[in-house]
Amino acid sequence: MSKSIEELKSLATQIRRDILRMVHAVNSGHPGGSLGCTEYFTALYGKVMNYNLPFTMEGKNEDHFYLSNGHISPVFYSTLARFNFFPVEELKTFRKLDSRLQGHPTTHEGLPGVRIASGSLGQGLSVALGVAQGKKLDGDQSLVYTLHGDGELQEGQVWEALMYAAAKKVDNIISTIDYNGQQIDGSTENVLSLGNLHAKLEAFGWTVLEEKNGNDLEAVIAILERAKTETGKGKPVAIILHTIMGNGVDYMMGTHAWHGKAPNDEQLDTAFKQLYLEAPADY
């Protein structure tokens, strides 16, 4: 059943609560980027992407999603659980021994919703392009979605893949860059500036869209839907999505300090007061 915007907004808050609970329980993980991408995941799985359950690895005639910056696994896992790919209770096992919910997504345990391992940065676009071309060969009209961190774009393989996509006219892919301006060692600008990313992507032959309000759910849905209208025109499609790292928790927002740091008990309690739900469905 399709959810209303208000229901999806409440679900986004629930996903943020899940993210914090997961990383707090094991005192490890990456809450900052996960919190910043919550609207993207909620929009993608709640409104935009065409997929079937139960999950199958091949996924014929349905859209695929590939997470390239795999360290933001908490938001990915929570989204999959909240959209019924696997039981919400399994979130309790995050980063524990013998869990299917590893710190970075893996495929060897058969976790529904995960089609590639993405522990090493820079590889997701290359994999997704292969899938997108495979769909074309099969006559499958579905789309392939990817998500990348802005710091991840400092990897050379990403730019090889960007060049390949345009040269081969892979026009059934929508790649989103989470542009929060932060990475593990500091601001992206200070570590290694991306310069004019919009102009660079266009110079590489992509159709480029940009959304400044990447933590506004309705704006994210709108830009993804607009991106779909640009597919099938001979060019791959990119979205530069401006988000705030740590969004939703005031002491985590806009800083790299929470890229890979878990909150303590007091900090978790403070965060939950900010992420208020009248009837939370915490696991």
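**Close-up 1. Helix α4 and its buried residues.** In this predicted model, the buried residues of helix α4 are Ser73, Pro74, Val75, Phe76, Tyr77, Ser78, Thr79, Leu80, Ala81 and Arg82, where buried means under 20% relative accessible area, exposed means over 50% and partly exposed lies in between, calculated with a 1.4 Å probe on protein chains only. Ten of the ten residues of α4 are buried, so the helix is largely enclosed by the rest of the structure. Helices (H or I, at least four residues) and strands (E, at least two) are DSSP runs, numbered from the N terminus. The cover over the buried residues of α4 includes α1, α2 (31–36), α3 and β1, with contact taken as heavy atoms within 4.5 Å. Residues are numbered from 1 along each chain as its sequence is written, and side-chain values use heavy atoms, with hydrogens and water left out. Because the model is predicted, local features need pLDDT of at least 70 and side-chain atom pairs count only at pLDDT 80 or more, whereas totals for chains, interfaces and linings use all residues.

**Close-up 2. Thr79 within helix α4.** Thr79 lies in α4, which spans residues 73–82, and is buried with a relative accessible area of 0%. A polar atom of the Thr79 side chain lies 2.7 Å from the backbone oxygen of Val75; a polar contact of this kind is a pair of N or O atoms within 3.5 Å, and within protein one atom must be able to donate a hydrogen and the other to accept it, while residues adjacent in sequence count only if both atoms are side-chain atoms. When neighbours within four places in sequence are left aside, Thr79 is in contact with Ile15, Phe41 and Tyr45.

Close-up 3. Most residues other than glycine have a negative phi, and most peptide bonds are trans. Asn84 follows α4 and has a positive phi, near 70°; this residue is found in the loop between α4 and α5 (124–138) and is exposed, with a relative accessible area of 62%. Asp98 is also found in the loop between α4 and α5, has a positive phi of about 65° although it is not a glycine, and counts as exposed at 78% relative accessibility. A cis peptide bond, with omega about 5°, joins Leu53 and Pro54, and Pro54 is found in the loop between α3 and β1.

**Close-up 4. Strand β1 beside strand β2.** From strand β1 (residues 64–67), His64 and Tyr66 point one way and Phe65 and Leu67 the other way, and all are buried. Strands β1 and β2 (residues 144–149) run parallel and are joined by four bridges, two strands being taken to pair if DSSP finds at least two bridges between them. The bridge partner of Leu67 in β2 is Leu147.

**Close-up 5. Strand β7 between its partners.** Six of the six residues of β7 (residues 237–242) are buried, so this strand is largely enclosed by the rest of the structure. Both of its faces are covered, with Val237, Ile239 and Leu241 buried on one side and Ala238, Ile240 and His242 buried on the other. Strand β3 (residues 173–179) pairs with β7 in the parallel sense over six bridges, and Ser175 stands opposite Ala238 in β7. Strand β6 (residues 207–211) likewise pairs with β7 in the parallel sense, over five bridges, and Leu209 stands opposite Ile239 in β7. From β6 the chain crosses through helix α9 (residues 217–229) to β7, and this β-α-β crossover is right-handed, a term used if, with the strands pointing away from the viewer, the path from the first strand over the helix to the second runs clockwise.

**Close-up 6. Helix α9, its cap and its packing.** Helix α9 has 13 residues and reaches 19 Å from its first C-alpha to its last, close to the 18 Å expected at 1.5 Å a residue, the expected span being 1.5 Å times one less than the number of residues. Asp216 caps the N-terminal end of α9, where a side-chain oxygen of Asp216 lies 3.0 Å from the backbone nitrogen of Glu218. The buried residues of α9 are Leu217, Ala219, Val220, Ile221, Ile223, Leu224 and Ala227, and they pack against α1 (5–26), α3 (38–48), β2, β3, β6 and β7.
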